[in-house]
Amino acid sequence: MSFELGMMAAAGETGGSFWMPPEISTSAAGVDWIFYFIFWISLFFFLLIVGLMTYFVVRYRRPKGVEAEGAPSHNMVLEVTWSVIPLILVIVIFYLGFKGFMDLFTSPQNAYEVLVTGQKWKWLFQYPNGYVDENLHVPVDVPVRLVMSSEDVIHSLYIPAFRVKRDVVPGRYTKAWFQATQAGDYQIFCAEYCGKSHSDMLAKVVVEKPGDFEKWLEKASNFLDTMPPAEAGARLYKTRGCAQCHSIDGTSGIGPTFKGVFGETVVMVGGAKVAVDENYLRESINEPQVRVVAGYQPVMPTFKGRLKDKEITAIIEYIKSLER
Ligand SMILES: [Cu+2]
C-alpha cells in the first residue's frame, strides 16, 4: 500500500514522498518528520555497524598457521562514546515522539465534533444535527474531533492523508482529531482486521471549501424532502442499520432479504399467512415482535420513535423498488 500511496504523492499533490501520502492535516508534517528522523538515524547506524563489521571480518581474519592473540581488555573512551551518543539520540526520539503523541491525542476545545460508528463493514458519521452519512465531510482549516465507537468488533479508523489512525472499540469511546489543510477527497480505511469484508470497509473524507460544508450539511440533512422516496429509503437502509440484518440480493441473513418481498405472501411463526403490503411493512418496522416471520428469531429491535413517519415511508418505497 505504501507503494501505491507513494505513487499518488508522486502524481503532484502537496507534501508526501515515496513512502508517504500527501500531507493534508496540520499534524502530518510533524509525523513525517519524526518518521524520517528515525529512519535516517537507523539507516546511518545500520550502514556504519554492518560496514565496519564486514571490514573487520576481512581485515582481521586469522590466516592459517597464526595463533590468536589475547583480546585487549577494554577501551574506556570508545565505550563511553558508543553509550552516550545513542543515549542522547533515544532521549531526543522519546521527546519528539511523546510531544507528537500528545499533540495527536489532545484535541482543541473548540473542535467541531462528529460521532463515528464502526460496524461490519462500514463507517457511519453522525453530525451535530443528527444527520448520518457514510462518508466523512469536514470543513477545511477547522479542527475536527471524532468520537468513535464500534457496534461489534474492534475496527480502526485510518486516514493516511491526515496521519490519523485510532482503534474503534465496542463498549467504549475513543477519540481522534485533525485539522485538514486542503479541500479534496481522501481515502479512509479500516486498519484492524475485522472479518470477511474488512478490506471493503472503505469511506471518503471530503474536505469542503470554506462555506461549502454548511451548504452540504443542510442539503444532505434535507434528503427526505429533496430526493425521490425510494432513493432516500436506500440511504436510510444503509445508515439506520437495516443492512446489518437484511440483504437486498436475495440472501437470507439474521433477517429475511428485502428483495422481492413486496407483494409476496409470507408465513409467520404459528402458521398465519400475510400478504406483504405497506401496512405490514410499517408494522414490521414499528412492532417487529407482533408478527414474526417463520424461520427467524424475534431479534429485530423496534424502530418506533426512532424513525419518523416520513422515513418509514421512504424505506417502504425502497423495499417496493427491490423487485425479484
Ligand atoms: Cu473494520
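Trp-121 sits in the loop between strand E1 (112-119) and E2. The model is predicted. Its chain is divided into domain 1 (2-61 + 72-105), domain 2 (112-221) and domain 3 (228-321), and its secondary structure comes to 8 helices and 12 strands.

**Overall shape**

- The C-alpha trace spans about 100 × 50 × 35 Å along its principal axes.
- The radius of gyration of the chain is 29 Å, whereas a compact globule of 324 residues would have one near 20 Å.
- Of the 324 residues in the chain, 21% are buried.
- Among contacts between residues at least 6 apart in sequence, 61% join residues at least 24 apart.
- The centres of domain 2 and domain 3, taken over C-alpha atoms, are separated by 28 Å.

**Two helices, H2 and H3**

- Helix H2 covers residues 28-59, and its 32 residues should span 46 Å at 1.5 Å a residue; the end C-alpha atoms are 46 Å apart, so the two values agree.
- Helix H3 covers residues 76-105, and its 30 residues should span 44 Å at 1.5 Å a residue; the end C-alpha atoms are 43 Å apart, which agrees.
- Both helices are hardly covered: H2 has 1 buried residue among its 32, and H3 has 0 among its 30.

**Nonpolar cores**

- The largest nonpolar core has 30 residues, and Leu-157, Ile-159 and Phe-162 have the most contacts inside it.
- At least two residues of this core come from each of strand E2 (122-126), strand E4 (136-139), strand E5 (143-150), strand E6 (155-159), strand E7 (164-168), strand E8 (174-179), strand E9 (184-190) and strand E10 (203-208).
- Leaving aside neighbours within four places in sequence, Leu-157 is in contact with Val-116, Gly-118, Leu-146, Met-148, Arg-166, Val-168, Ala-176 and Ile-188.

**Strands and sheets**

- In a regular strand the side chains alternate between the two faces of the sheet.
- In E4, Leu-136 and Val-138 point one way while His-137 and Pro-139 point the other way, and all are buried.
- E4 pairs with E10 in the parallel sense over 4 bridges, and Val-205 in E10 is the bridge partner of Leu-136.
- Five strands form an open sheet in the order E3-E2-E1-E5-E8, with mixed pairing.
- The edge strands of this sheet are strand E3 (132-133) and E8, each of which pairs on one side only.
- E2 and E3 run antiparallel and are joined by 2 bridges; the bridge partner of Gln-126 is Val-132 in E3.

**Loop residues with positive phi**

- Asp-141 is in the loop between E4 and E5, and its phi is near 60°, a positive value in a residue other than glycine.
- Asp-141 counts as partly exposed because it has 14 C-beta neighbours inside 10 Å, and the partly exposed class lies between 12 or fewer (exposed) and 20 or more (buried).
- Arg-163 is in the loop between E6 and E7, and its phi is near 55°, again a positive value in a residue other than glycine.
- Arg-163 has 23 other C-beta atoms within 10 Å, so Arg-163 is buried.

Methods: Residues are numbered from 1 along each chain as its sequence is written. This is a predicted model: local features need pLDDT of at least 70, side-chain atom pairs count only at pLDDT 80 or more; totals for chains, interfaces and linings use all residues. Domain bounds come from an automatic or database domain assignment. The expected span of a helix is 1.5 Å times one less than its number of residues. The radius of gyration is taken over C-alpha atoms; the globule rule is 2.2 Å times the number of residues to the power 0.38. Two residues are in contact if their C-beta atoms, placed from the backbone, lie within 7 Å. A nonpolar core is a set of buried Ala, Val, Leu, Ile, Met, Phe, Trp, Tyr and Cys residues joined through C-beta atoms within 7 Å. Two strands pair if DSSP finds at least two bridges between them.
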